[in-house]
Every structure is written in structure tokens, then in C-alpha cells.
Amino acid sequence: MAVPHVADNATESTPLLNGSPSQPPYTSHAANHEADSSLSPFALTVEDSSALLGLTKVASIPQGPDIEPSLETIPPAPEDDVKYGNDPEAGQKREAGDYASRFLNVSPMRFWLIFGGVMMGYIIGFFDSTLMASSHPVITSHFHASNSASWLSTAFLLTSTAFLPLFGRISDTVGRKPVYLFAIAVFFLTTAWCAAAQSMMSFIAARAFCGMGAGGVFSMGMILSSDLVRLEYRGVYQSYINLCLGLGGCLGLAFGGYICDQVGWRGAFLVQLPFIFVYFIVAAWTVPADLGKKRAKTERLTFVELLKNIDLMGSFLLVLAVTTLIMGLNLGGNVFSWTHPIVISSLVSFFVFAFLFVRYERTVERGVMPISLLLQEPRASLIFGNFFGAISINTMVFNAPLYFQAVKLASPTDSGLRLLASTLAVTVSSVSTGFIITWTKRLKPTVIIGDISLLLGGIAAATMGVGTPDVVAMICVSLSSLGQGFAFPSLMVSVLATSDQEDQAVATTTLGLWRNLGSVMGVATSSWIFQNSLLYQLDERVTGPNKEEVILLVRKSVQAIAQLDPFSQHQVIGAYAAALRVTFFSAAVWAALMLLLHFRVRLPRLGNKA
């Protein structure tokens, strides 16, 4: 049965939100001694510290998929404190073996071999993600399809969102290792497919399947960490994962553009293959074959029972609804007129699928998106505000490289380096948020600080033009990333703090799902706004006998701007700058909606229920 599984996770994920701290499911003398001997008035329990360390789990830009919280549950380990009693010698032996006691069913050396592979997977995965952020203008220009750039990210995010819950639930039935190796293999093959793609459609399809593999790599990596580390130490190893996220993001931004400049964008994908292959070998060698199979039979499901417990129809309807909406937004006014049958049918299909999805989800016990949760305050405002915030930050992240490459005529290498400030901003703010909440036990200040930073970032970016100094442009873009680091971890804990224990797992999952949908919509809506604004600006600004030819050329290839004659180049750059200002201003609008929703919300102090 799945119910006990979720209940365990609710307890582990949200220990500091109960009225009074309870005994953690895993205890040790060392852990209890540290908690009891603290003299600070802000001292927290072991569970509190673990949960707050998890606050730094904010993906470096671009935002990756959230992990379903119910997938991180591990069965309680048997206590062995009674075994030692008050024997001093036994106590000394326990202290000597305290480090080994952090891990479940594996030796420290075996753990670090497994965890080293997990960290390698996160570095590679976020290198790939940030590589796409800085190189998509180069790739779309190669295929003469810059006006279809949004599909590179939306295809990846759609599949990762849809398949993310499947990996963990299937691994509960067949074990962790086969599912983990399958995800890595898919990631390897689809990365090779990206490098070999001969058309834009082929590349988009490759990114869609790559999203499935990357989603499995991220989710299974988190599950393995939870399976092998005791609860009270899990936050420590989460910090290692956070370091890998930042390292992978920085490498993708700094060296992804450089690789594109030196060996081409295909080489940027080919260079990942040897590392992914080594990653696969390490995982196959180190991960125990029986990991995840040691649960009680009452908690195990047959494959047929598993399929019944997964909301496949809901996931299918959700993907169809979002896909048809993106098709309508991407094609309307960009490829076809708004009255074109394909555009109209896409938008009509969205409303039909959305209606069917809502009706269906009302009848499902374990739906992919519980509708009742979206009607309850304050969680509804927190979740929808989180959705608008994800749209805002992804609008900034997706279009910032385009500003540097199309307006500033920077190379992919220089464009990536100018985005490093954003990665640093989100890392610093997310870590600071954990400390701020730990010391103040208040949630709303960091939520509002993050919302305001996102709003200011959008407004500041909307003022950037051709003559904006590079340093100023970097600061403007970084303000939004700073807000992301403050707001998103705080929103996760806020949803937990305002939920009853039995609702905490589903509330957190719903928050993550809406954040992922916000990421998809951020790319889609910003592309729609930008492409339609660019078309208008080019028509207004570009003159000369070759006007139509120039407009067609620069809409399909950003790199073609540098090859234009000085007069036409000045006109085109001005059009791109004006269109991007409108696009960045939309990020400020989304952030303003986020702030309005969160400003009126009342949040409890940690340790008290709303």
C-alpha cells in the first residue's frame, strides 16, 4: 500500500512545523548531545536543522524540475542505542563508529562511490541545462529557426514534468538500480541524438526525450541519497548536491559558450558523452542490486497495482493541454496569422483539454494535481504566486542570452560569462535564506524580499538598451536570480507550515508541479511576446529596398545580425533591444502578480501552525 509511504515522508519532510518537536525517527547519541547542549535561544532540533539545510535546494538557472517529495521517503532504521546501554566502552565504540552510522546498509566507502556518481550526474545534468540557456541562439540560428527557440526548452521541461513521478514509483516496485540505469542510458542516447540532429524538428524531439532521461537522473539521484543517509544527516549531503548544481551551472555557462565557439554546438553535446558513459559504469558498479527492494510486502505494489496508482490519464491530459497552448502561442502571429486554422484549433484544443483535465482530476483519489488544494487559502495564493514567479524568472533566464548575443553582439562564450553573476546571486540568496529563517523563524520576510527582487529585476531589465554598460546589464539580470533564491525555498517551507501533516506531501508535490508549469509557460509566453514584438519593431524600423529579405534573415538567425551592413545592423539591433524591453517588462508584470498574492498572506512562525 502507498499510504504509509506518504505518511512517513510527511513526517520526515516537515519536522519543524509541528507544535512541539517530536523524537526523530532516527536518533543517535551524538545527535542528541548536539541538540541538548546548544545554549542558543534559537537552537533547533536535529529535524529542524535537517529541514532548514534543505532550504538551499534551489537549482541554478535555468530552473530544473522539482523532485516529488514522496519519492524521498525511506523506512525507519532500527534503533541500536539500547544495545549499548550505559557501558562506557561500548559508548566509546559507538562514538568511534559514529561516522559509519550515518549511512544505511552500506559502508562509508561504498556510500561515497555511489554518492560520487550521483554528484557527477547532477554536474552533467546542470551543465547540459545551462549550456542550452547560453547556446540556444547559436543552435536555432544554425537551423534558421530562431523564431522557434522556445521549443528547445519547453519540450525538455514538459517531458521532465510529466515523467518525474513515474521513476520513483516504478523504482519502489522493481528496485532503484534498473530504473537509475535506464534513466542514465536514455540521457546518454538522447544527448548523442542532440549532437547528430539534422533538422530543428529532430533536435526538438531529442530534447524532449532528453528531458525524460534528465528527470530520471535528478529524481533517482535524490532517492538514492535518501535511501542511504539517515534523516538527521541528510541535510549535510544535500549541501554537497547543491554545490554540484552550482558547479554544473557555472561550467555550462562559462565553458558551454566557449565550446560552441571552438568546436561548434554539436561538440558541446559530444563532449558530454564520455562523462555520461563513465557515470553509467560507476552507477552499474556501485549501486546495490537489491536497493529499494527491502520494503515490507505490504508496501510493495505489483506492476498492475502500480499503474492503477499513477495518474497516467491526468498526466496525459495535462501535457496535451500545455502543448496545445504552447503551439497556439508560438505559431500565432509568429509563423501563422492569429486567424489561421492551426492556431485557432490549437487554442480551442487547450480549453477543451484543460476542461477535461479539471473534471477528471476531481474524480481521482491520487491525482497529479489535486484541485481541492488550489481552492484553499493560504496555500492557493502561495502556489499560484509560485507559478507567476517561475514565469518571471524563466522569462529573464531564457531571454538574457539573447540580449547579450543579439543586442551586444557578444559571442556565446562572452554571453555565458556575463550570466555567471546570476548563478552566483541565486546561490548566495538561497543559502542566506536558510540562515535567515533559522534565526528568525519567520517565513514571510524572505518571501516578500524575493518577490520584490524579482519585480525590480524585471523593471531594471526593461530599461536595458544598446548603450547599457555590460556591468549594469549583468546586475539587472542578477536581481531576478537573487529573488529566486530568496522566494522559492521560503515558499516550499511556507506551504508545509500551512498544511496539516497528512496534506504536506501532496501540497509540496503540487507546489513543485506548478513551478515546473511556470517554467514551461515562462519560456512559451516570453517567446510569444518577444517574437510578436520583434516582428512589429522590425517592420517599423528596418528600411531600404531589401527590407523583407533582411527581416526574414534576422528572425531566423541571430548570428546574421553581425554580417549586416552598418546601417541595417543598427536598425535591427534597435528592433531587438525594443522587443526585449517589452519582454523583460512582462517579467516584472508576473512578479507584481506574485507580490500581490503573497503580500496579503499570513504565515505562521516556525513551530506554530496557521
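User: How are helices assigned and numbered here, and which helix holds Ala380?

Analyst: Helices (H or I, at least four residues) and strands (E, at least two) are DSSP runs, numbered from the N terminus. Ala380 lies in helix H15, residues 379-407. The chain has 22 helices and zero strands. This is a predicted model, in which local features need pLDDT of at least 70 and side-chain atom pairs count only at pLDDT 80 or more, while totals for chains, interfaces and linings use all residues. Residues are numbered from 1 along each chain as its sequence is written, and side-chain values use heavy atoms, with hydrogens and water left out.

User: Is Ala380 buried or exposed?

Analyst: Buried means under 20% relative accessible area, exposed over 50%, and partly exposed in between (1.4 Å probe, protein chains only). Ala380 has 5% relative accessibility, so it counts as buried. Across the chain of 610 residues, buried residues make up 60%.

User: Which residues does Ala380 contact, leaving aside its neighbours within four places in sequence?

Analyst: Contact means heavy atoms within 4.5 Å. With those neighbours left aside, Ala380 is in contact with Leu373, Leu374 and Leu375. Its C-alpha atom is 9.9 Å from that of Ala507, 127 residues apart along the chain.

User: How is the packing of H17 and H19 described?

Analyst: Two packed helices are described by the angle between their axes and the distance between the axes. Axes are lines fitted to C-alpha atoms, for helices over the stretch in contact, and angles run from 0 to 180 degrees between N-to-C directions. Helix H17 (residues 420-440) packs on helix H19 (residues 470-497) at an angle of about 30 degrees, with axes 7 Å apart. Residues making the contact include Ala421, Val426 and Ile437 of H17 and Met474, Phe486 and Pro489 of H19.

User: Which residues touch the most other members of the largest nonpolar core?

Analyst: A nonpolar core is a set of buried Ala, Val, Leu, Ile, Met, Phe, Trp, Tyr and Cys residues joined through side-chain atoms within 4.5 Å. In the largest, of 112 residues, Tyr122, Tyr180, Phe203 and Phe269 touch the most other members. Helix H9 (residues 200-228) gives the most to this core, with 15 residues. Beyond four places in sequence, the contacts of Phe269 include Phe203, Leu131 and Arg207. A second, separate core has 36 residues, among them Leu534, Val572, Tyr576 and Ala579.
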